[in-house]
Amino acid sequence: MPSTGASSSSENNKPPCVFFALCECKNASTCAFAHDLSKAEFKFDFPREFPAKNWTREIAGAVVTFGDGATVRGLYVPTEFSTVRISNLVPSITKETLFAFLPRVEGLVIRKDDILSLRKDSATGAQTARIRVESLKLAWALCDALKVDKLGLFPSIEATTWTRKLPPGTPHIRVRTVVWSWDRPARRVLLRFCTTSIADKIYAISKRGALKILGHRVNALKPGSTQGFLSDFTVMLTDVPWEADEDDITSQFPNKYLAEMELEPDRISDFFRTMLSRFGPFVDWEVRPESKGNLKRLEVRARFTYEADARNAAALLSKPHAEVKLNVELRTSVKFRITNPVYGLIEEQIIAFKASWERAGINVNVYQSGLASNVVNIESADSNAVAYAKIALQEILRGRVASHQGKELWHPGFAFHTGEIRRWVKLVEGQCQVQIKEDSSKSQLRILGSEKGYDQAVEVLASLLSQIEQTQPVPGPGDKAGHSEEEQEHECAVCFCPPEDPIESSCGHRYCKDCFTTMARAAGSFTATRQFSISCVALGVGQPCKKLFSLDELMAHLPRPDFEGVLRASFNSSIRRRPEKYGHCPTPDCENIFRSTSGEKTPPRTQTFTCPNCLEPNCSNCHSPHIGMSCGDYKKNMAGGADALRRAKQELGIKDCPRCSAPIEKFAGCNHVACEQGCGAHICWTCLEHFPTSKKCYDHMWAVHGRIYDEGAEPVPQELQAAVPGLEPNDEDVALFLEEQ
């Protein structure tokens with residue numbers, strides 16, 4: 001076994017540590033024996049069958065769970081989950097009691113395990129609960145329902161939406177912060193002196209430009225000016241730095257001459273509170289001075305509850321204002337929560353990127369979050385710059401693919417999270433100061449750490465895999481030692497020929513390996529009108545077998561790219577058939593999906609959101625970006641182009657699907673069409689009514705229009721109607737048969 005370079009020369013002179021080879025040495029660097037991976041002997045005992053796998057994938061911003069036949073069993077968008085925080089609950093309440101009395105909200109299903117926590121305040125005894133909710137819209141609905149306490153069980157509770165803590169490494173996107181800033185914000189100060197002569201002298205000093213506070217020149221109004229507003233003893237100072245306090249001001253004048261001072265109230269706070277209330281509710285805000293060299297600036301940061309309100313405020317307040325000259329920015333921020341061990345491995349890379357990010361105008365803030373993790377917050381007014389920084393940080397967190405001599409390192413045993421091979425992976429991580437992540441969906445290992453640690457880990461893993469392959473290759477599920485001549489005589493269920501490179505399914509039918517792969521690839525072509533599934537097509541006694549292939553079977557018999565392609569095709573089919581529930585980000589080259597609010601009674605301010613992948617704004621109602629205007633106004637603005645497009649479609653005989661708006665063209669045949677490229681709806685071409693099945697569509701055409709072909713079209717030959725005896729002409733099978741003819 002080749003040396004890895006992980007051991008020093010002194011280590012090579014020591015006898016090997018037996019306990020180290022068993023991952024049980026507790027002496028670490030103080031051990032008198034060699035901790036050298038290159039001298040260890042690997043012994044593995046893999047199971048003959050693979051354990052159950054977690055068939056979950058992250059696709060297009062969604063978390064998707066698959067079942068037999070590669071069907072979609074579950075799908076959710078994690079960034080849309082929210083939390084409702086209920087405070088001031090009575091001390092005696094339990095999770096069971098809270099669950100029983102929670103109000104019922106349409107569309108919201110709450111389980112007991114959705115009550116994430118129930119904590120008691122040590123000072124007041126009141127309890128606070130956090131409840132997981134599927135979407136922000138439903139979270140708001142639950143908050144509104146809790147305010148209507150018909151039973152009087154929660155007389156003084158407060159219910160608010162709360163940002164859900166995402167898993168480590170998952171970016172948290174926020175576009176709700178507006179920052180106003182301006183140079184040298186100033187206040188006014190009234191000074192009353194003991195004599196008129198002192199007041200006049202102070203005014204004269206200010207006229208010469210010699211009166212300064214905190215290094216800044218201040219001006220003064222002449223005593224007795226402004227129509228008697230000032231007495232002869234009083235001087236009003238203007239342009240006093242906002243951050244100056246009473247001590248800063250009084251230190252410029254002898255106390256024996258200054259009788260009284262009146263500092264102007266903080267008009268800035270009141271001014272911005274008034275402005276903020278015009279746009280909508282806000283979570284928090286602060287006024288703070290910000291020093292940049294010798295230039296003093298005042299900065300006001302406000303975090304709104306709704307993104308739409310923040311965008312409107314930034315757009316309107318960026319216009320010239322009568323009182324102050326504002327610089328207004330809408331800040332986009334991306335926050336990553338990274339566990340301490342991982343952050344320690346990538347800290348040098350983040351520091352290297354941080355310098356270039358800050359030169360591009362991106363603020364990077366790293367701070368400790370609790371005892372177990374660090375938070376990296378990236379913020380800028382340039383959303384495109386933030387998007388590029390986010391991608392770079394995500395690539396760092398993904399790690400580099402483990403590759404040795406041009407070949408990616410992988411073994412099915414790496415997918416096990418227990419057992420001997422997992423112990424050795426942990427050992428390699430400790431010795432090389434890296435973290436190794438298994439991506440079983442792509443049959444890849446990814447390594448986080450320094451360049452040196454990566455090179456050492458790759459050498460060790462390559463040697464490890466070489467020994468495993470020599471000593472005990474691991475069979476995959478469904479693998480056979482060989483096929484007898486009798487087995488070879490069975491026909492392939494697809495081509496009806498003796499199977500080449502045969503495989504056998506769990507239901508006992510056989511396929512050529514290439515035929516099985518082709519069948520799986522083609523499955524996505526027939527799912528526009530039904531749920532995606534891959535089942536056995538072998539003919540049994542009068543009918544196909546139709547047994548769904550397990551995911552273990554599919555993964556064993558398909559090349560890995562084809563297997564992952566099947567899962568993605570199933571996901572795409574599921575999304576296409578639910579246009580009322582999901583939409584695609586309209587940004588080119590962005591594949592993320594989002595939960596649609598079309599047809600739902602949601603406030604317009606809740607429909608604006610930012611895509612967590614490309615960081616571009618969008619509308620969940622009409623699926624088009626139109627910041628600063630309503631969906632209706634946007635449609636009016638686009639009406640001219642829409643009319644031209646509509647006329648062109650009419651001339652070409654193209655109609656839009658009434659369910660998902662995908663364009664459809666009918667060349668010939670009857671008036672039943674299916675939205676093959678979109679949602680899969682069955683449509684009556686005459687009136688554009690849509691149905692879930694073709695039979696219901698044909699029933700509609702016979703009942704409402706009295707025909708399935710256009711008037712004047714060639715009638716259906718009687719011999720074709722009689723081609724399938726015993727069935728009525730409006731039966732689905734006959735209609736489909738006639739259409740094919």
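## D284 and its surroundings

Leaving aside neighbours within four places in sequence, D284 is in contact (heavy atoms within 4.5 Å) with R301, A302 and R303. D284 belongs to strand 15, residues 282-292, where helices (H or I, at least four residues) and strands (E, at least two) are DSSP runs numbered from the N terminus. With a relative accessibility of 34%, D284 counts as partly exposed; buried means under 20% relative accessible area, exposed over 50%, and partly exposed in between, for a 1.4 Å probe and protein chains only. Between D284 and T177 there are 107 residues in sequence, while their C-alpha atoms are 9.6 Å apart in space.

The model is predicted, so that local features need pLDDT of at least 70 and side-chain atom pairs count only at pLDDT 80 or more, whereas totals for chains, interfaces and linings use all residues. Residues are numbered from 1 along each chain as its sequence is written, and side-chain values use heavy atoms, with hydrogens and water left out.

## Overall make-up

The protein has 21 helices and 35 strands, and 41% of its 741 residues are buried. Among the contacts that join residues at least 6 apart in sequence, 60% link residues at least 24 apart.

## Nonpolar cores

A nonpolar core is a set of buried Ala, Val, Leu, Ile, Met, Phe, Trp, Tyr and Cys residues joined through side-chain atoms within 4.5 Å. The largest one holds 44 residues, of which W180, I338 and L393 touch the most other members. At least two residues of this core come from each of strand 8 (172-183), helix 7 (267-279), strand 16 (295-304), helix 8 (307-317), strand 17 (327-339), helix 9 (340-359), strand 19 (373-380) and helix 10 (383-398). Helix 10 gives the most, with eight residues. Not counting residues up to four places away in sequence, L393 touches F336, I350, W357, V376 and I378.

A second, separate core has 36 residues, including L75, A493, I503 and A520. A520 is also one of the buried residues of helix 14 (513-522), together with C515, F516, T517 and M519. The elements that cover the buried residues of helix 14 include strand 25 (502-504), strand 26 (510-512), helix 15 (551-557) and helix 16. In soluble globular proteins, nonpolar side chains tend to be buried together.

## Strand pairing

Two strands pair if DSSP finds at least two bridges between them. Strand 23 (434-439) and strand 24 (444-449) are joined in the antiparallel sense over six bridges, and I436 has I447 of strand 24 as its bridge partner. Four residues lie between the strands of this hairpin, in which S443 takes a positive phi near 55 degrees.

An open sheet of three strands runs in the order 33-34-35, with antiparallel pairing. Strand 33 (672-674) and strand 35 (690-691) stand at the edges with a single partner strand each, so one side of each is left without a neighbour in the sheet. Strand 33 pairs with strand 34 (682-684) over three bridges, and V673 stands opposite I683 in strand 34.

## Cavity and pocket

On a 1 Å grid over the protein atoms alone, a cavity is a set of points where a 1.4 Å probe fits but cannot get out, and a pocket is an open set with protein on both sides within 12 Å along at least five of seven lines; lining residues have an atom within 4 Å of a point. Grid points are joined across faces, edges and corners, and a volume is the space filled by probe spheres set on the points. The structure holds one cavity of 30 Å³ or more, and the largest cavity contains about 30 Å³ of space. Its lining consists of T608, N618, C619, S624, P625, H626 and I627.

The second largest pocket has a volume of about 790 Å³ and a lining of 26 residues, with D656, C660, S661, A662 and P663 nearest its centre. Helix 16 (560-576), strand 27 (582-584), helix 18 (639-652) and strand 31 (654-656) each give two or more residues to this lining, and helix 18 supplies the largest share, five residues. By class, the lining of this pocket has 11 nonpolar, eight polar and seven charged residues, where Ala, Val, Leu, Ile, Met, Phe, Trp, Tyr, Cys and Pro count as nonpolar, Asp, Glu, Lys and Arg as charged, and the others, Gly among them, as polar.
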